[in-house]
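Take a look at the model shown here. This report starts with its overall build and then turns to how its parts pack.

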Amino acid sequence: MKDRTPVPPPHPADDVTEHVGYRLKRAAAALRGAMDKALREHGLTVPQYACLELLDQRPGLSNAELARSTFVTRQSMNVVLRGLQDADLISRPATTDHGRALPAHLTEHGRERLDAARSAVYAIERTMVDAFPQRRLAALLADLDRMAEALGG
């Protein structure tokens, strides 16, 4: 058997549960679970909710723009958009005058569903930010952005 040379951790840690990546994944999994549960009561998935939020802020986004902004593939976003369109939560033209992008817009029913779901999602975020001192929020957000940028995101 070949001797193993231990790889030093990137920072002092007794085990994997003390690594930054593990803690980020744990927090992300907890957030996703809470959002899945809350959004289920509104008949939405997390990608559907994210799509509705983006379309509320920036009407007319294309499939590709929505996919990039919600961290899913264009193919997955196509499925999300079809489901939202079938539920009459968004509208998209059948064809476009130029290019291939079909701009999506919230319907009135979509705005109503988003407003109801938003309250539940914001309550989850409030629970998260209430778990630490408010004065540290700006630094936390900046640190998370720096980590993403360091990894090319």
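## Ground rules

Helices (H or I, at least four residues) and strands (E, at least two) are DSSP runs, numbered from the N terminus. This is a predicted model, where local features need pLDDT of at least 70 and side-chain atom pairs count only at pLDDT 80 or more, while totals for chains, interfaces and linings use all residues. Residues are numbered from 1 along each chain as its sequence is written, and side-chain values use heavy atoms, with hydrogens and water left out.

## Overall build

The protein has six helices and two strands. From the N terminus on, the order is α-α-α-α-β-β-α-α. The radius of gyration is 20 Å, well over the 15 Å that the globule rule gives for 153 residues, so the protein is more spread out than a compact globule. That radius is taken over C-alpha atoms, and the rule is 2.2 Å times the number of residues to the power 0.38. The C-alpha trace spans about 65 × 40 × 30 Å along its principal axes.

Of the 153 residues, 23% count as buried. Buried means under 20% relative accessible area, exposed means over 50%, and partly exposed lies in between (1.4 Å probe, protein chains only). A contact means heavy atoms within 4.5 Å. Among contacts with a separation of 6 or more, 45% join residues 24 or more positions apart.

Two packed helices are described by the angle between their axes and the distance between the axes. Axes are lines fitted to C-alpha atoms, for helices over the stretch in contact, and angles run from 0 to 180 degrees between N-to-C directions.

Helix H1 covers residues 20–40 and helix H5 covers residues 108–129. Their axes come within 9 Å and cross at roughly 155°. H1 and H5 are therefore roughly antiparallel. The cut-offs are under 35 degrees for roughly parallel, over 145 for roughly antiparallel, 65 to 115 for roughly perpendicular, and oblique for the rest. H1 passes H5 in a right-handed crossing. Right-handed means that the near helix is turned clockwise from the far one by less than a right angle; anticlockwise is left-handed.

Which residues of H1 meet H5? They are Leu31, Ala34, Met35, Ala38 and Leu39, and they meet Ala117, Ala120, Val121, Ile124 and Met128. The contact has ten nonpolar, no polar and no charged residues. Ala, Val, Leu, Ile, Met, Phe, Trp, Tyr, Cys and Pro count as nonpolar, Asp, Glu, Lys and Arg as charged, and the others, Gly among them, as polar.

## H2 against H5

H2 and H5 pack at about 115°, with their axes 10 Å apart. That makes H2 roughly perpendicular to H5. Their crossing is left-handed. H2 brings Tyr49, Leu52, Glu53 and Asp56, while H5 brings Gly110, Leu114, Ala117, Arg118, Val121 and Tyr122. By class, this contact has six nonpolar, one polar and three charged residues.

Now pick out Glu53, which sits in H2 (residues 46–57). Is Glu53 buried or exposed? Glu53 is buried, with a relative accessible area of 9%. Beyond its neighbours within four places in sequence, Glu53 is in contact with Leu114, Arg118 and Tyr122.

## Two loop residues

Phe71 lies in the loop between helix H3 (63–70) and helix H4 (74–86). Its phi is near 65°, a positive value in a residue other than glycine. Phe71 is exposed, with a relative accessible area of 77%.

Asp88 lies in the loop between H4 and strand S1 (90–91). Its phi is near 60°, again positive in a residue other than glycine. Asp88 is partly exposed, at 43% relative accessible area.
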